[in-house]
Amino acid sequence: MARKRRGIPIHGWLNIDKDAGLSSAQVVGRVKRIMNAAKAGHAGTLDPFATGILPIALGEATKTVSYITDDSKEYRFTARWGEKRNTDDIEGEIETTSDIRPTREDILKILPAFTGAIRQRPPAFSAIKINGERAYKLARAGQDIDMPEREVHIESLSLIEIIDTDHAIFEVTCGKGTYIRSLARDMAVKLGTVAHLSALRRIRVGPFLEMDAISLDKLAKLWQCPAEFEGLLPITTALDDIPALAVTEPQAERLRHGNDVAVPNQADGFVCAMDGNIPIGIAKIEADRLHPVRIFNL
């Protein structure tokens, strides 16, 4: 017999501002406890030392997580020149040091080399699987890991401020799979020195913006009056780039039961099928037929 899921069904998205020191999984756990939600997940892992936007999907919104993880993201990060750490961030152990410190002119000169499609080697301390094992587990066990390079896309990279000779703040807009720790590490190599991240904050994930995010503490206070809570975003928040398609009630019923329906004169592609203001699910139009792909149980 299947175990009954605890909690109440809540469907939608939360724009959470993660504190430093918490893993993404811990944030999900706290959200579930605060809201007594039956089901929750996150879109796009943030390292424990990092802060900022962590979109949390609740209930049927978890079926749209992949659409958020594929979206572009923006980060603000601080590179600490002169120290290479084994984790490429402030939480690791110092491996090597350098007396070389880049000037503003040096930094500005290398930025174009890190925009567009670039090759990047993920950090050894990452969740990528190597032969079925998480890389960070192998790294913690002292194993020498050869991380494979991958291609990532950097839309923009800007120098925001030079705090002092040891620290510089940058902002980057990037695509899926980009490691900011690797970016800072590789920039330092290009500058003839070493570096690690001393601070990392995610300021946008797709449609989720820093200005609209709420902390876990604020969520706990606001959720004391659920009927007045305005922070729960609709399931369709993750589907901004997918066109909506209105269907009739009979068509909606067929789609909910896994059947396709006729939609003459519609262009092929993915849509969010809508029954009035209620999203039915993600569907695909092909040859004038609408085929259900992921149906929401609302």
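User: Are W13 and F208 buried or exposed?

Analyst: In this predicted model, W13 and F208 are both buried.

User: How many aromatic pairs are there by the ring rule?

Analyst: The count comes to 4 aromatic pairs. One of them is formed by W13 and F208, whose rings are tilted, with 5.4 Å from centre to centre and 50 degrees between the planes.

User: Why those two values for a pair?

Analyst: A pair of aromatic rings is described by the distance of the centres and the angle of the planes.

User: And which parts does the pair of W13 and F208 tie together?

Analyst: W13 belongs to strand β1 (residues 12-18) and F208 to strand β13, so the pair joins parts that are 195 residues apart in sequence.

User: What about F77 and F170, how are their rings arranged?

Analyst: The rings of F77 and F170 are stacked, at 5.2 Å centre to centre and with 15 degrees between the planes. This pair also links distant parts of the chain, since F77 is in strand β4 and F170 is in strand β11 (residues 167-174), 93 residues apart. Both F77 and F170 are buried.

User: Which residue of β12 stands opposite F77?

Analyst: That residue is L200. Strand β4 (residues 73-81) pairs with β12 in the antiparallel sense, over 9 bridges.

User: Which other strands does β12 pair with?

Analyst: Strand β3 (residues 51-58) runs parallel to β12 and is joined to it by 2 bridges. Within this pairing, T51 stands opposite R201. Strand β13 (residues 208-209) pairs with β12 in the antiparallel sense, over 2 bridges.

User: What happens between β12 and β13?

Analyst: The two strands form a hairpin with 2 residues between them, and G206 takes a positive phi near 55 degrees.

User: Why is β12 described as largely enclosed?

Analyst: Of the 11 residues in strand β12 (residues 195-205), 9 are buried, so the strand is largely enclosed by the rest of the structure.

User: New topic. Where is T64, and what is it in contact with?

Analyst: T64 is in the loop between β3 and α2 (65-69). Leaving aside neighbours within four places in sequence, T64 is in contact with W13, I235, A238, L239, I282 and F296.

User: Why does T64 count as buried?

Analyst: The relative accessible area of T64 is 0%, and a residue is buried when that value is under 20%.

User: Which residues other than glycine have a positive phi?

Analyst: Among them are D88, with phi near 65 degrees, and A287, with phi near 55 degrees.

User: Where do D88 and A287 lie?

Analyst: D88 lies in the loop between β5 (83-85) and β6 (94-97). A287 lies in the loop between β17 (278-286) and β18 (289-295).

User: Buried or exposed, for D88 and for A287?

Analyst: D88 has 4% relative accessibility, so it counts as buried. A287, by contrast, has 62% relative accessibility and therefore counts as exposed.

How values were computed: Residues numbered from 1 in each chain as written. Predicted model: local features only at pLDDT ≥ 70, side-chain atom pairs only at ≥ 80, totals over all residues. Heavy atoms only, no water. Buried < 20%, exposed > 50% of the residue type's maximum accessible area, 1.4 Å probe, protein only. Helix = DSSP H or I, 4+ residues; strand = E, 2+ residues; numbered from the N terminus. Pairing = 2+ DSSP bridges. Contact = heavy atoms within 4.5 Å. Phe/Tyr/Trp six-rings, centres within 6.5 Å; stacked < 30°, edge-to-face > 60°.
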